[in-house]
Amino acid sequence: MRTIRPLITLAVLALALAACGGSASSLPQQETAGDASRGIGTSGSEAGGPVSAASAAPLAPDQFGNDANAIGARDDARIIRTGSIELEVSNVPQALRNARDAIVALGGYVGASTTSNADDRPTAQITYRIPADRWEDALDALRDLNGLTTKVAAEQTEAVEVTGQVIDLQARIKNLRASETALQGIAAKATKISDVLEVEARLTEVRGQIEQLTAQLDDLNDRTSYATLTAYFNSPVLAVVVASKDWEPATTVDEAAASLLSILQGVATAGIWFLIVWLPILLVLGLIGGVVLWLARRAGIGRRGGPGLPPPPALPGQPLTTQS
């Protein structure tokens, strides 16, 4: 019985080391992957073994200019690929069918979809899950769709490498499983109820951590195995539709009627002011002017040769005239 307590203590220490030893355990594996990317192996020159001529000869770049040696060295890289593409197609329903058939033929499937038909203009948003090694083939298929794609309006892709995260999770799960095995052995030897309960509690905690990390690892494996591509399908916008988009005849009629009413109101307002204000003023001014003119004529102002003025001098050879 006395040996159970030290064993439980050792199991607890092993559990603590498993929780924080993942990163340290992943370092040697990451260095091994890095050595592989540099072409160093246990049978190579670094290990003292002979190198064959076939393995030492570098591979020629492929037709796209990619280094075949670098690509081969990174075959074990875990990469999450995501992207989006916006397409203008001549027939949205037929384009959706062609796209679905093309993705299924590549080994992919439809993850989610949203369609709408606003103003008799159908649109769709489809999320495809595509095998990572058929990513470029899927993009090429959507860019054409058997001639239905009229324009690729936008395209965006992203690649995130998660190789280190995968290696770290694998190492942590491995350490936790070792702790689980050790605790199971301790539980088999325990006879006291308190010891059994303590070991079972530790086992439950370890198994919970294993399930959590396994779920994270499965998610990373799924996302690296199947890329995610979101495609937007739109109908081309016609010039007539663009020109008539903001034109509403009823609104134009209302605006014209409002303008005419405003003009008529202005004319009526001016007439009212003229009849009530300006016409009486003009009548008074006209009356005063008429009186002044009559008085001026009575006074002889403005007459030719009026009273008090000498007659104009006679011109040479003209007989003199006298006023009567």
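Q: Where is the place of Trp273?
A: Trp273 lies in helix H10, which covers residues 249–298. Helices (H or I, at least four residues) and strands (E, at least two) are DSSP runs, numbered from the N terminus. Please note that this is a predicted model, in which local features need pLDDT of at least 70, side-chain atom pairs count only at pLDDT 80 or more, and totals for chains, interfaces and linings use all residues. Residues are numbered from 1 along each chain as its sequence is written, and side-chain values use heavy atoms, with hydrogens and water left out.

Q: Is Trp273 buried or exposed?
A: Trp273 counts as exposed, at 51% relative accessibility. A residue is buried under 20% relative accessible area, exposed over 50% and partly exposed in between, with a 1.4 Å probe and protein chains only.

Q: Which residues form a nonpolar patch with it on the surface?
A: The patch includes Trp273 together with Ile272, Phe274 and Trp278, among others. Its members have about 1,200 Å² of accessible area together. Such areas come from the Shrake-Rupley method with a 1.4 Å probe, and for residues only the protein chains shown count as cover. Patches consist of residues with over 30% relative accessible area and no salt bridge; like charges are joined within 9 Å, and nonpolar side chains (Val, Leu, Ile, Met, Phe, Trp, Tyr) within 5 Å.

Q: You mention salt bridges. How many are there in the whole structure?
A: A search finds nine salt bridges. A salt bridge is a side-chain nitrogen of Lys or Arg within 4 Å of a carboxyl oxygen of Asp or Glu.

Q: Which residue meets Arg143 in one?
A: Arg143 meets Glu155, with 2.7 Å from N to O. This pair links distant parts of the chain, since Arg143 is in helix H6 (residues 135–144) and Glu155 is in strand E4 (residues 149–161), 12 residues apart. Arg143 is partly exposed at 31%, and Glu155 is also partly exposed, at 36%. Asp140 is linked with Arg143 and Glu155 in a network of salt bridges.

Q: And what about Glu205 and Arg202?
A: Their side chains meet in a salt bridge of 3.6 Å, N to O. The two residues are three apart in helix H8 (residues 193–225), so about one helical turn separates them. Glu205 has a relative accessible area of 36% and Arg202 has 28%; each counts as partly exposed.

Q: Let us change topic to the strands. How many bridges join E2 to E3?
A: Nine bridges join strand E2 (residues 109–118) to strand E3 (residues 121–131), and the two run antiparallel. Strands pair if DSSP finds at least two bridges between them. Thr114, for example, has Gln125 in E3 as its bridge partner.

Q: What lies between these two strands?
A: E2 and E3 form a hairpin with two residues between them, and Asp119 in the turn has a positive phi of about 55°.

Q: Which residues touch the most other members in the largest nonpolar core?
A: Among them are Leu87, Val89, Tyr128 and Phe233, in a core of 22 residues. The elements giving two or more residues to this core are strand E1 (79–89), helix H5 (92–105), E3, H6 and strand E5 (226–234). A second, separate core has 15 residues, including Ile80 and Leu213. A nonpolar core is a set of buried Ala, Val, Leu, Ile, Met, Phe, Trp, Tyr and Cys residues joined through side-chain atoms within 4.5 Å.

Q: Where is Asn234 found?
A: Asn234 is found in strand E5, and at 17% relative accessibility it counts as buried.

Q: Which residues does Asn234 touch?
A: Leaving out residues up to four places away in sequence, Asn234 touches Glu86, Leu87, Glu88, Val89, Val92, Arg121, Pro122 and Thr123. Contact means heavy atoms within 4.5 Å.

Q: Back to the whole protein: how many helices and strands are there?
A: The protein has 10 helices and five strands. Buried residues make up 22% of its 324 residues. The protein exposes about 22,100 Å², of which carbon and sulfur atoms supply 60%.

Q: What share of contacts join residues at least 24 apart?
A: Among contacts between residues at least 6 apart in sequence, the share is 79%.
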